[in-house]
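Q: I have a model open and want to learn how to read it. Can we go through it one feature at a time?

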Amino acid sequence: MKGMSLYTNGELKESLEALSKAKCMTESLALSPFERADFAYVLSVVLMANGQKFEALVQAKQALAYFESIMMEQRVVECHMICGVAYKNNDNLTKALEVFHLVEMICIQFDLDSLLGILHQNIGDVYSVMGESERAISHFEIAIDHKELPSELLYSIYSLVKEYEKIGRLDQVKKCLKEGSGLVPELHERKREYYEHHFNAYEAVCSQDEKKIENAMLSAFHFFKKRGSHKQWMDYAKKLADLYARNGKYKKAVDFYKMIVG
């Protein structure tokens, strides 16, 4: 499927466009209930990756109802996972944790160990949003123990980088950056560039050199803005605004704060 191929390559917008066209086509096709549910699940994944949390939740619930009816546990877990992420992204953190703990019970009951990596990553993400860094770090480390692919490992390693930086553990940030940098060359170009810019920014933070930090943050900001990665460039805009405010460069700080709120 073209849409999933684009998704795998990190071309999220193009993937959604392809799947949206396919959805229009499927409405006139005599698909089986399984095929429709499977397509709804795939669409929910791509919608979520594009930040369309409400639409993703609708598609995931539609797929979930069918997969529960035929007791297809792995797909049930995967659909629940999308629902949990949607709740998390909608700031319904209590509901998100409730869903993820249900997923954990299903995984344990049916020996779905291969899904524990992404599950603990998501639980860690919720605790990170809640400001509970130590609990987040614990779940990110469990996630790493259940992952093998470089792209999946790097996602959790980068989560650790961000969390350790939040609590000022630059020694651990350096350790994680070193581990992650060894995996980056194994990625395809688009994802490799993604992590290179993030890691360069945090390496600069570890240097505690304000000029290096500014240059690395600006590079990441422009890179993600050009790519259209809204959340990423917004994060760097916030970091730059804070950096300039901290150094008394208030006009530059205001310019970046305006980008965030406007």
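A: Start with a loop residue. This is a predicted model. At 63% relative accessibility, Asp 111 counts as exposed, because exposed means over 50%. Asp 111 sits in the loop between H6 and H7.

Q: What is the phi of Asp 111 near?

A: First the general idea. Most residues other than glycine have a negative phi. Now the case here. Phi of Asp 111 is near 55°, a positive value in a residue other than glycine.

Q: Where is Asp 91 found, and is Asp 91 buried or exposed?

A: Asp 91 is in the loop between H5 and H6. With 61% relative accessibility, Asp 91 counts as exposed. Its phi is positive, about 65°, although Asp 91 is not a glycine.

Q: Let us step back. How many helices and strands are there in the protein?

A: There are 14 helices and zero strands. Read along the sequence, the pattern is α-α-α-α-α-α-α-α-α-α-α-α-α-α.

Q: What share of the residues is buried?

A: Buried residues make up 46% of the 262. The accessible surface comes to about 14,000 Å², and 54% of that belongs to carbon and sulfur atoms. Look at contacts too. Among those with a separation of 6 or more, 53% are between residues 24 or more positions apart.

Q: How do I read the nonpolar core?

A: In soluble globular proteins, nonpolar side chains tend to be buried together. Here the largest nonpolar core has 85 residues. Those with the most contacts inside this core include Tyr 41, Val 77 and Phe 100. Helix H3, residues 33-49, gives the most to the core, with ten residues.

Q: What does Tyr 41 touch, beyond four places away in sequence?

A: Tyr 41 touches Ala 63, Phe 67, Arg 75, Glu 78, Cys 79 and Ile 82.

Q: Which residues of H4 are buried?

A: An α-helix has 3.6 residues a turn, so residues three or four places apart point the same way. In H4, the buried residues are Ala 56, Leu 57, Gln 59, Ala 60, Ala 63, Leu 64 and Phe 67.

Q: Take Leu 57. What does Leu 57 touch?

A: Leu 57 is buried, at 16% relative accessible area, because buried means under 20%. Beyond four places in sequence, Leu 57 touches Cys 83, Ala 86 and Tyr 87. Leu 57 and Gly 84 are 27 residues apart in sequence and 8.8 Å apart in space, C-alpha to C-alpha.

Q: And Tyr 66, what is it in contact with?

A: Tyr 66 also lies in H4. At 23% relative accessibility, Tyr 66 counts as partly exposed. Leaving aside neighbours within four places in sequence, Tyr 66 is in contact with Pro 33, Phe 34 and Ala 37.

Q: How many residues of H7 are buried, and what covers them?

A: H7 is mostly covered: twelve of its 14 residues are buried. The buried residues include His 120, Gln 121, Asn 122 and Asp 125. The cover includes helices H5, H6, H8 and H9.

Q: How many disulfides does the count come to?

A: Look for cysteine sulfur atoms within 2.5 Å. The count comes to zero disulfides. The sulfur of Cys 79 is 7.0 Å from the closest cysteine sulfur, in Cys 83, so it is too far for a bond. Cys 107 is in no disulfide either; the nearest cysteine sulfur, that of Cys 79, is 13 Å away. Cys 79 is buried, at 0% relative accessibility. Cys 107 is buried too, at 1%.

Key: Residues numbered from 1 in each chain as written. Predicted model: local features only at pLDDT ≥ 70, side-chain atom pairs only at ≥ 80, totals over all residues. Heavy atoms only, no water. Buried < 20%, exposed > 50% of the residue type's maximum accessible area, 1.4 Å probe, protein only. Contact = heavy atoms within 4.5 Å. Core = buried A, V, L, I, M, F, W, Y, C linked by side-chain atoms within 4.5 Å. Helix = DSSP H or I, 4+ residues; strand = E, 2+ residues; numbered from the N terminus. Areas by Shrake-Rupley, 256 points an atom, 1.4 Å probe, with all protein chains shown as cover.
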